[in-house]
Amino acid sequence: MRDLQERLGYLVLAATAVAYFAVYTTSLGRPPGSFDYLAILNTTMPLVLVAVGQSLVVITGGIDLSVGGVVSVCVAVTAATGGTPGWILAVLALGAAAGLVNGVIVAFGRIAPILTTLATLSIYTGAALWILPVPGGSILPGVRAVLSNPGVPTGLAWLALVVAGWWVLRRTRFGMRVYAVGSDETAARAVGVPVERVKAGVYALSGLCSALAGVFYVSTTTAGDANAGAPFILTSIASVVVGGVAFSGGRGSAMGAVAGAVALTLVIDVLFFAGIDPLYQSLFQGLFLVVAVLLGTAAALLARRRTA
Amino acid sequence: MNRRALYAAAVAAAVLVVGAVLTPGLASWPGLRAVLVVASFTGFVAAGQMLVVLVGGIDLSIPWVLNAAAIVLTTTSLGASGRLPLALALAIGAGLAAGLVNGLGIAWLGVPAVVMTLGMNGVLQGLTLGLSQGLTCDDCGHYAPSPLRDLFAGTVPAALLVWLGVALLVTVLLRLTVFGRRVYATGVNPRAAFLSGVGVKGVTVALYTLSGGFAALAGIMLVGYGGQASLGLGDPYLFESIAAVVVGGVSILGGRGDYVGVVAGSLTLVAVTTVLRAQQVPEHGRLMIYGLVILAILFAYGRERAHD
């Protein structure tokens, strides 16, 4: 039953993918082609990356509202500097540093994660507006060809890298400690897990993920906007939820969140091809979120009854 | 009253005094009145947010509950004073109904508060946009009936008396009634409260229902203040309501806090923004300073207890 809830993301993704395929084929009279898959991949990459970072934080029992600000500031710097490889490295360092600030305040300052990141969200968003007051900027075509090539699915390679990164992280000492801190902080402390450093680490990683998302965002849209990050706050939380990561901490995986993020992106396409008025879009997204979670809970309950 | 509420009041007083020194206009009644009126909107949403935070919950549906109520008010009153009572009842009723559904989902279906209220926010956003055709419907352009707009006229606007009424109501409810004791008992330890006979589920449902009602009230007052409803009216109040609650000394973990503190918290946040605007600090500077002020306050009295 526990497994079922943790696999929620994959089940939801599978169901959404089937719906997408069916709705697309019936409305256009042909199955989706490589162009469609590529478009989905490139538009979903930023959310996938933010969701991975968010899931790490949520697994430790925290939450990161500042992802919106970190994405914004990284989008702003990338676009304002033209996205040269050197600047992109600087952006990644900047994102990790911004995340580390959150982590240090949460872990050593003992301020609740939701409040810490609420305050830094405002600070980082302000910084983004400072750097890029009006939407614009650019990114090197060469960088774009490597990150989100509109003709070749380079995004797949990056997605594979994310999956591989998680696969490795999960098996490192740090990865084990992330789960230990999330499932029982007191017990983790008692067996010698450096809880503070683990927490600081996950927020730094979340910042790094948001920075990567920011770079991908500029690469896909070919320009920057200082408010680009704001939508990622709630959508990354929704991805994590649909992906079966529990807010109580210690359960779920970043891969579930990746599945959740892709499912949430696909839902928009499903609604579009089903001919739903775009004005009603968020109604169905909201229902999707609640129903996905309810199904997960119901399935877990049923499984528990059967074993009991 | 708890100690943190006193700190919150002291911070609000300090911010207002500093503001009055920097911006002489703030020292006059019209200047202070403007701050109080704008702070009252935050005060209304924060009243609801505080009630759910007291039991360790959170309400992320505030923005579109507020916006939906505002649009219900203008489209049902059609600017006619005679239709105002009906319109008020429908707008508040819509808010209470949304809150009730939130509460039922959280208490009885066991959906996490973040998920349920985030989903509700999406559902209401979709419904509001769809039914009003993106606020282009025939009845959408109506002004608020004049009695509602008159609430903001005069030396002492009646809107401030409404806020005073809300403050008294919430304080009496929490501090002088059995229900209030149950709220704090549930917030401190839901399990212990349940075992000593508190109907934890009923309390939770009641609080989310009230939160919906207060968000609707804020929407109604904002329509009276601005004259017309608009889309995105509630967006700034999601994070602002949470900030006002914690700056007001309410523990985000639940069980501790008073509305007096939240009033002070709302005043602090609005006064900071007002003073920065008066000093012609650009938007990016305002955002950054706003975040830093919240962080500073959190460090002063929003920290959690040390581990062992």
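This is a predicted model: local features need pLDDT of at least 70, side-chain atom pairs count only at pLDDT 80 or more; totals for chains, interfaces and linings use all residues.
Residues are numbered from 1 along each chain as its sequence is written, chains are lettered from A and ligands numbered from 1 in the order in which they are written, and side-chain values use heavy atoms, with hydrogens and water left out.

Visitor: How many residues does the contact take from chain A and from chain B, and what area is buried between them?
Guide: Contact means heavy atoms within 4.5 Å. Buried area is the accessible area (1.4 Å probe) that two parts lose on being put together, summed over both. Carbon and sulfur atoms give 79% of the area here. The contact takes 40 residues from chain A and 43 residues from chain B, and the buried area is about 3,600 Å².

Visitor: Which residues of chain A lose the most area to chain B?
Guide: Three residues together account for 18% of what the chain A side buries. They are A:Arg110, A:Leu115 and A:Leu279.

Visitor: How many salt bridges and how many residue pairs in polar contact are counted between chain A and chain B?
Guide: A salt bridge is a side-chain nitrogen of Lys or Arg within 4 Å of a carboxyl oxygen of Asp or Glu. A polar contact is a pair of N or O atoms within 3.5 Å; within protein, one must be able to donate a hydrogen and the other to accept it, and residues adjacent in sequence count only if both atoms are side-chain atoms. Between chain A and chain B the count of salt bridges is zero. For residue pairs in polar contact, both at pLDDT 80 or more, the count is four.

Visitor: Which helix gives the largest share of the side of chain A that touches chain B?
Guide: Helices (H or I, at least four residues) are DSSP runs, numbered from the N terminus. Those of chain A that each supply at least two residues to this side are H5 (85-108), H6 (113-131), H10 (185-190), H12 (230-242) and H14 (281-307). The largest share, 13 residues, comes from H6(A).

Visitor: How do the residues on that side of chain A divide into nonpolar, polar and charged?
Guide: Ala, Val, Leu, Ile, Met, Phe, Trp, Tyr, Cys and Pro count as nonpolar, Asp, Glu, Lys and Arg as charged, and the others, Gly among them, as polar. The division is 28 nonpolar, seven polar and five charged.

Visitor: Which residues of chain B does A:Ala119 contact?
Guide: A:Ala119 is found in helix H6 of chain A. At 0% relative accessibility, A:Ala119 counts as buried (under 20% relative accessible area; exposed is over 50% and partly exposed in between, with a 1.4 Å probe and protein chains only). Leaving aside neighbours within four places in sequence, its contacts are B:Gly291, B:Ile294 and B:Leu295.

Visitor: Which residues are joined into one salt-bridge network?
Guide: A:Glu185 meets A:Arg189 at 2.8 Å, N to O, and A:Lys199 at 3.2 Å. A:Glu185 lies in helix H10 and A:Lys199 in helix H11 (residues 195-221) of chain A, so this pair ties together parts 14 residues apart in sequence. A:Arg189 also forms a salt bridge with A:Glu196, the closest N and O atoms being 3.1 Å apart. Through shared partners, the network joins A:Glu185, A:Arg189, A:Glu196 and A:Lys199.

Visitor: What is the phi of A:Arg110?
Guide: Most residues other than glycine have a negative phi. A:Arg110 lies in the loop between H5 and H6 of chain A and is partly exposed, with a relative accessible area of 23%. Although A:Arg110 is not a glycine, its phi is positive, about 55°.

Visitor: Which residues touch the most other members of the largest nonpolar core?
Guide: A nonpolar core is a set of buried Ala, Val, Leu, Ile, Met, Phe, Trp, Tyr and Cys residues joined through side-chain atoms within 4.5 Å. The largest one has 200 residues. The two that touch the most other members are A:Leu115 and B:Tyr259.
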